[in-house]
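User: I would like to learn how to read side-chain contacts, ring pairs and helix packing in a model. Can we work through them one by one?

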Amino acid sequence: MLRLPATVVTLGFVSFFNDLASEMVTPLIPLVLAGSLGAGPIVLGLLEGVAEAVSAWLKLWSGGRSDGRRRKPWVLGGYLLSNLVRPFFGLAGHWPVLVSLRAIDRVGKGLRSAPRDALVADAMPAALRGTAYGFHRAMDNGGACLGALLAAAAVAWGGMALPQVMLWSALPGLAGVVVIILALHEQPHAAAPAASRPPLRWRAMPAGLRHYLAVVAVFGLARVSETFVMWRGHEIGCGSAELLVLWALMSLAKSVTSMLGGWIADHIGPLAMLRVGWLALASGYALLALIEAPQGLWFAAVGYGLLAGLSEGVERTLVGVLAPSASRGLAFGWYYLLSGAVAIPAGLIFGAIWQRGGAALAFMLVATLALACTAASLGLKERN
């Protein structure tokens, strides 16, 4: 049995508590938008697109700034900011306010993500990074599952309104911040001297890494916020508590396969596993395109979760393989920037297609694009 370094295990528990808090809030966003705020799927696409784009731009800067410096302060500051603002989502009286709060939440994600992923890569040998990132995603999804179940229990049996559930998310969020302060001990990492540290320029990255990140950026157009699964459930008549349980099962399904995907990547290579994962994700979108009734939504959502989990840690594993050790934070920053830069157009286009042509057409189009990106990945190499 592989013994993971303390840094990786600690960051896994931080992610568990953070996602527990986050998923007491995130699956409720489409229900609040469609209910009390009276918005449509285009607004949901805008909200998620703006959130991801804001965080993507910051990830490049924070990742580059963390190279050659301590990464822990970036991780702590990012998690702290998100968990301070997230409990107040339920108090938004108009959808532009909710969009703004979600963007601030993603500022925290932007500050922490690239330095955190670089910490994981610093702590693990290259041959075992797939397992490390798979473990991290498994803890993410485990926390997400428990958070959604707690929210469902609060709504169904506790009689809480959605804003009250969101406020209670502050407690597990605070627990994650405490774990960082008390238990995260950063190991020294390779760093270039300040005078020779790579600039933030795109051309400063190795050619193989740039090629890979370009394909990932195009694949970003095929990424659909999972909150649209909740929106679909609302459309076909599922109740709030039922949808929260569904969200929990989808997160559990991803948790089951995410560490498996990382383990397989360490044995067959991350690039081969990336292709398997992207093909599986395309199949998951196709499943979601076929549902027309609540019973079908349960089957499709759990199936999607099992398929999506396979590739969750693999993309980051390949960044760690292709990136020079002295500029690993910068490489993760570029990865997040490019994959997030397309989030606004992707969210708006998907929401507009949904609003005009229906959910089946929207999901089938992204499944087709995911297949095309899988084919394009055949030209990638694992070495620069």
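User: What joins the side chains of Asn18 and Arg86?

Analyst: A polar contact is a pair of N or O atoms within 3.5 Å; within protein, one must be able to donate a hydrogen and the other to accept it, and residues adjacent in sequence count only if both atoms are side-chain atoms. Here such a contact of 3.4 Å joins the side chains of Asn18 and Arg86. This is a predicted model: local features need pLDDT of at least 70, side-chain atom pairs count only at pLDDT 80 or more, and totals for chains, interfaces and linings use all residues. Residues are numbered from 1 along each chain as its sequence is written, and side-chain values use heavy atoms, with hydrogens and water left out.

User: Is Asn18 buried or exposed?

Analyst: Buried means under 20% relative accessible area, exposed over 50%, partly exposed in between (1.4 Å probe, protein chains only). Asn18 has 4% relative accessibility, so Asn18 counts as buried. Asn18 lies in helix 1 (residues 6–22). Helices here are DSSP runs of H or I, at least four residues, numbered from the N terminus.

User: Which residues is Asn18 in contact with, leaving aside neighbours within four places in sequence?

Analyst: Contact means heavy atoms within 4.5 Å. By that rule Asn18 is in contact with Tyr79, Asn83, Arg86 and Arg112. Two of these names return in another feature: the charged end of Arg112 sits over the ring of Tyr79, 4.3 Å from its centre. The rule asks for NZ of Lys or CZ of Arg within 6 Å of the ring centre and within 35 degrees of the ring normal.

User: Which side chain does Ser66 join in a polar contact?

Analyst: The side chain of Arg71, at 2.8 Å. Ser66 is in helix 3 (residues 41–66). Ser66 counts as buried, because its relative accessibility is 0%.

User: How is a pair of aromatic rings described?

Analyst: By the distance of the centres and the angle of the planes. Rings of Phe, Tyr and Trp (its six-membered ring) pair if their centres lie within 6.5 Å; planes under 30 degrees apart count as stacked, over 60 as edge-to-face and the rest as tilted. The count comes to 9 aromatic pairs. In one of them, Tyr133 and Phe332, the centres are 6.2 Å apart and the planes lie at 55°, so the pair is tilted. Tyr133 is in helix 6 (residues 129–156) and Phe332 in helix 15 (residues 328–341), 199 residues apart. Both are buried.

User: What are the values for Phe228 and Trp354?

Analyst: This tilted pair has 5.4 Å centre to centre and 35° between the planes. Phe228 lies in helix 10 (residues 227–235) and Trp354 in helix 16, so the pair ties together parts 126 residues apart in sequence. Phe228 is buried, at 2% relative accessible area. Trp354 is buried at 3%. Phe228, Phe350, Trp354 and Phe363 form one aromatic cluster.

User: How are two packed helices described?

Analyst: By the angle between their axes and the distance between the axes. Axes are lines fitted to C-alpha atoms, for helices over the stretch in contact, and angles run from 0 to 180 degrees between N-to-C directions. Helix 16 (residues 343–357) and helix 17 (residues 359–376) have axes that come within 7 Å and cross at roughly 140°. Helix 16 contributes Phe350, Ile353, Trp354 and Gly357; helix 17 contributes Ala359, Leu361, Ala362, Phe363, Leu365 and Val366.

Notes
Helix = DSSP H or I, 4+ residues; strand = E, 2+ residues; numbered from the N terminus.
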